[in-house]
Amino acid sequence: MSFTPERAAIRFGCGLSPQQAAPASVEDTLALLTGPDRAAETYPVPGWDHVLQRSREVRRDTRAFRKSVGTDEEEAKRAAMKAMRRKLYEESGHALGQVLLRRAMTKDGLRERLASFWTDHFAASGKMLAWRQVQVNYTEEAIRPYVSGRFADMLKAVITHPLMLRYLDQHVSMGPNSPVALRRDGPQGLNENLARELLELHTLGVDGPYQQQDVRQMAELLTGLTFTLDDGFKLRPGFVEPGDKTVLGRTYGGKDRLEAIFAALEDLAAHPATARHLARKLAVHFVGDTPNAGLVDAMERQYTQAGGQLLPVYEVMLTHPAAWGDAPGNVKRPLDFVGSTLRALDLDDRHVPRGNLRKMRRLFYNPMDFMGQTWGRVTGPDGWPEADDQWITPQRLAARMQWAMFAPLRLRRVLPDPREFVDMALGGQATEQVRFAAKAAETRAEGIGVVLSSAAFQRM
Amino acid sequence: MRSTHTSRRTFLARSLGLGCSLAASPLITPVTMASAPWDNRLVVIILRGGLDGLDAVRPYGAPEFAQYRAPILGEDPVPGALDLDGYFSLHPALADLMPLWTAGQLSFAHAVSTPYRNKRSHFDGQDILEAGTGSAQVVGSRDGWLNRMLAGVPGAHAQTAYAIGRNSMLLTRGEAKVADWSPDAALVLSPQAERLLDLVMHDDELFRDALGEAIDLSQSGALALDTDADIDSADMMNAMQTMQASARPDKGLAEIARFAAGRLREDTRIAAYSINGFDTHAQQSRNIKRALSPLAENILILRDELGPVWDKTTVVAMTEFGRTVRTNGTFGTDHGTGGLMVMAGGALRGGRVVTDWPGLDEASLFDRRDLMPTRDVRAHTGWIMRGLFGLDRSLVENTVFPGLELGDDPGLLL
């Protein structure tokens with residue numbers, strides 16, 4: 001089996017679209033990926049500076065409120081805090097709309113899928129109020145620019161990113177012999193969270209050749225990485241554990257701590273275990289839960305040969321026969337399902353109510369939550385599950401079906417004829433049963449809903 | 001229920017009359033339930049927000065108590081009929097539970113906590129409570145203790161445990177299969193849509209089975225639907241919104257308890273869900289009722305609906321942390337440390353407040369502000385699971401709650 005535009009759009013893109021032609025070839029797919037990021041230009045999402053600015057505003061409003069308690073100003077300050085919270089939610093609703101429109105409208109579907117894949121590989125989310133919904137801004141800044149470049153560059157961007165530093169507690173990790181620790185007493189100390197996940201999840205993999213000692217040394221090496229709301233990322237010398245650190249037999253040290261950390265990240269990125277881990281993970285995500293061994297081997301070899309460049313690895317995947325088999329592909333995650341539905345429905349931008357938070361919640365945020373993928377949140381540093389049966393539980397499938405039955409009519413007043421919609425949504429992948437069901441449905445909405453709920457559409 | 005389901009499907013397959021490809025396919029796969037590994041039942045309720053244990057079970061016998069709590073006790077500091085044992089008394093919102101107390105089917109563990117200390121964040125506190133791994137790993141836990149327990153015992157199958165409600169819980173997440181359902185996830189489908197959905201999924205085992213279960217569950221759940229009724233498309237269109245409306249935390253708790261009881265009467269042995277709303281920073285005397293009353297109602301529904309199975313059941317309700325001993329400036333309490341665990345059920349040796357009580361004098365408080373925790377909430381839970389399911393001590397101490405020392409048996413069960 002080999003490349004077909006239709007299967008490429010479904011399995012390696014955002015789905016079929018009556019507006020956008022599927023990529024014609026592997027070369028075409030890769031050319032789009034290396035070209036300008038048109039979807040991000042058309043549907044912009046703010047970067048991390050915006051998050052920091054909002055965080056400072058939240059801090060300012062909270063302080064002002066605390067000061068005002070018991071004074072005449074209390075109510076006004078409380079209202080200001082509430083208004084700020086509202087604004088944050090509205091902005092996040094808008095950003096979700098942008099992400100969905102990118103999926104609905106792009107010609108370059110693989111880029112969107114890769115942005116999601118790598119965001120999930122480097123799963124992180126925020127806990128404080130101003131950071132509840134900032135994953136999208138993190139993706140925009142630390143993930144998206146790197147999806148077709150060198151893995152090591154993405155790794156460096158992520159490991160120094162405030163969201164990751166905060167999510168895995170690195171920002172408070174202090175070397176036991178660091179200047180600050182020696183001055184203070186109390187329980188503060190080294191935190192191994194980020195170091196462990198860096199080795200286990202981000203690079204070598206859980207079966208990788210590292211020991212607890214490597215985790216510990218890596219954690220000591222990473223001390224000092226922190227951030228402030230005013231400056232963003234910052235290296236804080238007071239937290240740095242002095243001395244050289246040895247990870248996987250290599251020693252890192254010297255005057256410039258950040259340089260030493262980056263050297264360690266380069267070595268981790270180039271490690272054979274990392275090549276294996278990433279190749280397998282990509283194959284599982286795009287091709288199937290139990291990927292062909294030859295495919296994984298080929299991707300792994302290419303990663304190493306190409307010096308950790310990702311584009312050549314994608315090329316190997318896209319040209320490998322095992323990636324194009326007829327066997328049912330992975331189950332779409334809720335974001336894939338919702339995005340590909342919008343794409344098949346032949347929408348305009350105005351159909352996605354980006355500016356209306358209530359509608360965005362009702363149409364997208366809550367339903368995706370019920371389907372098991374809460375927008376902007378992660379369930380852990382290991383990201384969303386890959387296994388199909390984690391997504392297709394009775395409850396989650398019910399949420400998919402119910403959304404499929406109601407959302408299209410909310411999005412577009414006039415729905416397409418279900419018999420034609422089968423072709424728009426599935427093309428040659430449509431089964432006899434789906435065609436029959438589209439014809440036999442009692443209403444348009446029901447017909448569309450049944451097509452969208454079909455196993456053929458739910459899988460990639 | 002299984003057999004009616006199967007016959008309905010047989011009927012569907014025939015009535016569709018879609019020719020040989022469909023007729024020949026194994027459309028009807030009767031689901032065989034493995035026999036349940038145990039007979040006892042466990043219900044775990046996570047009380048989110050930080051239950052004020054000192055308000056739910058009040059140590060009125062402590063000389064400092066009335067003074068600390070005067071601003072929220074109001075005119076009702078005298079326990080009267082709510083006296084438990086001459087030292088502790090029950091919050092009025094839990095009054096309906098007094099008959100259970102008298103019958104020895106209700107008890108409390110006071111001054112308990114997870115190993116979480118000093119930071120008092122809901123997120124981290126709940127993660128630690130549900131992960132059960134101790135305080136070392138604040139974030140980043142990938143599985144919960146209830147799931148590890150299931151993974152560690154032979155014979156558990158996909159419906160042995162149910163996570164109920166809309167929110168995915170760390171408690172039940174992990175390698176072992178845990179079924180999930182929310183009563184408000186009732187499917188609203190016309191009979192024709194149901195037939196067609198079956199048709200477009202039946203070749204894919206994963207989808208076919210999940211669909212069958214979803215339809216069964218929505219019909220057997222609290223929002224039973226008559227599929228013969230004429231459902232118009234507006235009903236379908238509104239279904240998602242009904243789902244969204246009822247997914248609000250304060251709604252549907254009674255349905256959750258009924259659903260849990262229904263499952264537990266059959267092959268399910270463990271059910272887990274959450275009750276929210278315990279974060280009473282302000283106007284506590286009013287606000288805590290809104291969370292305690294549903295808890296009491298929930299326990300009573302479980303008792304009533306479980307019937308004879310209640311005698312094999314233990315309900316444990318636990319929270320991420322307790323609250324400050326002193327009230328704050330807004331007639332509430334802030335995040336604290338030592339707290340309360342609520343236990344109910346016919347399997348309980350109840351009618352007791354189990355505690356190594358630390359006292360409320362300032363020197364005995366944690367950080368001079370919180371109730372001092374004197375026992376790990378995981379130890380009590382571990383002993384209950386040992387009692388109910390016969391778990392090895394080593395499984396509890398190494399796998400379910402790694403690093404925990406169970407300590408002495410508090411004798412919580414009959």
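Author: Two residues are in contact if their C-beta atoms, placed from the backbone, lie within 7 Å. The model discussed here is a predicted one.

Reader: With that cut-off for contact, how many residues of chain A are in contact with how many residues of chain B?

Author: A contact requires C-beta atoms within 7 Å. Counted in this way, the residues of chain A that are in contact with chain B number 46, and they meet 42 residues of chain B.

Reader: Which helix gives the most to the side of chain A that touches chain B?

Author: Several helices of chain A each supply at least two residues of the side that touches chain B, among them α11 (193-203), α18 (357-370), α22 (432-440) and α23. By class, that side has 24 nonpolar, 13 polar and nine charged residues. The helix that gives the most, with eleven residues, is α20(A).

Reader: What is the make-up by class of the contact of α20(A) with α23(A)?

Author: From α20(A) the contact draws on A:Arg400, A:Met401, A:Ala404, A:Met405, A:Pro408 and A:Leu409, while α23(A) brings A:Ala445, A:Glu446, A:Ile448, A:Gly449, A:Leu452 and A:Ser453. Sorted by class, these residues are eight nonpolar, two polar and two charged.

Reader: Turning to α6(A) and α7(A), at what angle do they pack, and what are they to each other, roughly parallel or roughly perpendicular?

Author: Helix α6 (residues 109-121) of chain A and helix α7 (residues 135-143) of chain A have axes 10 Å apart and pack at an angle of about 100 degrees. The contact is made by A:Ala115, A:Trp118 and A:Thr119 of α6(A) together with A:Gln135, A:Thr139 and A:Ile143 of α7(A), and these divide into three nonpolar, three polar and no charged residues. With an angle of about 100 degrees, α6(A) and α7(A) are therefore roughly perpendicular.

Reader: What percentage of the residues of chain B count as buried?

Author: Chain B has 14 helices and eleven strands. Among its contacts between residues at least 6 apart in sequence, 75% join residues at least 24 apart. Of the 414 residues of chain B, the share that counts as buried is 50%.

Reader: Why does B:Gly144 count as buried?

Author: B:Gly144 lies in the loop between α6 (122-131) and α7 (145-152) of chain B, and the C-alpha atoms of B:Gly144 and B:Leu170, 26 residues apart along the chain, are separated by 5.2 Å. Not counting residues up to four places away in sequence, B:Gly144 touches several others, including B:Glu130, B:Met169, B:Leu170 and B:Arg173. A residue is buried if 20 or more other C-beta atoms lie within 10 Å of its own, and B:Gly144 is buried because the number within that distance is 27.

Reader: For strand β5(B), which residue stands opposite B:Ile164 in β6(B)?

Author: Both faces of strand β5 (residues 161-164) of chain B are covered, with B:Ala161 and B:Ala163 buried on one side and B:Tyr162 and B:Ile164 buried on the other. Three bridges join β5(B) to β7(B) in the parallel sense, where B:Ala161 has B:Ile270 as its bridge partner. Three bridges also join β5(B), again parallel, to strand β6 (residues 179-181) of chain B, and there the residue opposite B:Ile164 is B:Trp181.

Reader: In β9(B), which residue is the bridge partner of B:Val316?

Author: Strand β9 (residues 339-344) of chain B has six of its six residues buried, so it is largely enclosed by the rest of the structure. Six bridges join it in the antiparallel sense to strand β4 (residues 106-113) of chain B, with B:Ala109 opposite B:Met341. Strand β8 (residues 313-319) of chain B also pairs with β9(B), antiparallel and over three bridges, and the bridge partner of B:Val316 is B:Met343.

Terms used
Residues are numbered from 1 along each chain as its sequence is written. Chains are lettered from A and ligands numbered from 1 in the order in which they are written. This is a predicted model: local features need pLDDT of at least 70, side-chain atom pairs count only at pLDDT 80 or more; totals for chains, interfaces and linings use all residues. Helices (H or I, at least four residues) and strands (E, at least two) are DSSP runs, numbered from the N terminus. Ala, Val, Leu, Ile, Met, Phe, Trp, Tyr, Cys and Pro count as nonpolar, Asp, Glu, Lys and Arg as charged, and the others, Gly among them, as polar. A residue is buried if 20 or more other C-beta atoms lie within 10 Å of its own, exposed if 12 or fewer, and partly exposed in between; C-beta atoms are placed from the backbone. Two strands pair if DSSP finds at least two bridges between them. Axes are lines fitted to C-alpha atoms, for helices over the stretch in contact, and angles run from 0 to 180 degrees between N-to-C directions. Angles under 35 degrees count as roughly parallel, over 145 as roughly antiparallel, 65 to 115 as roughly perpendicular and the rest as oblique.
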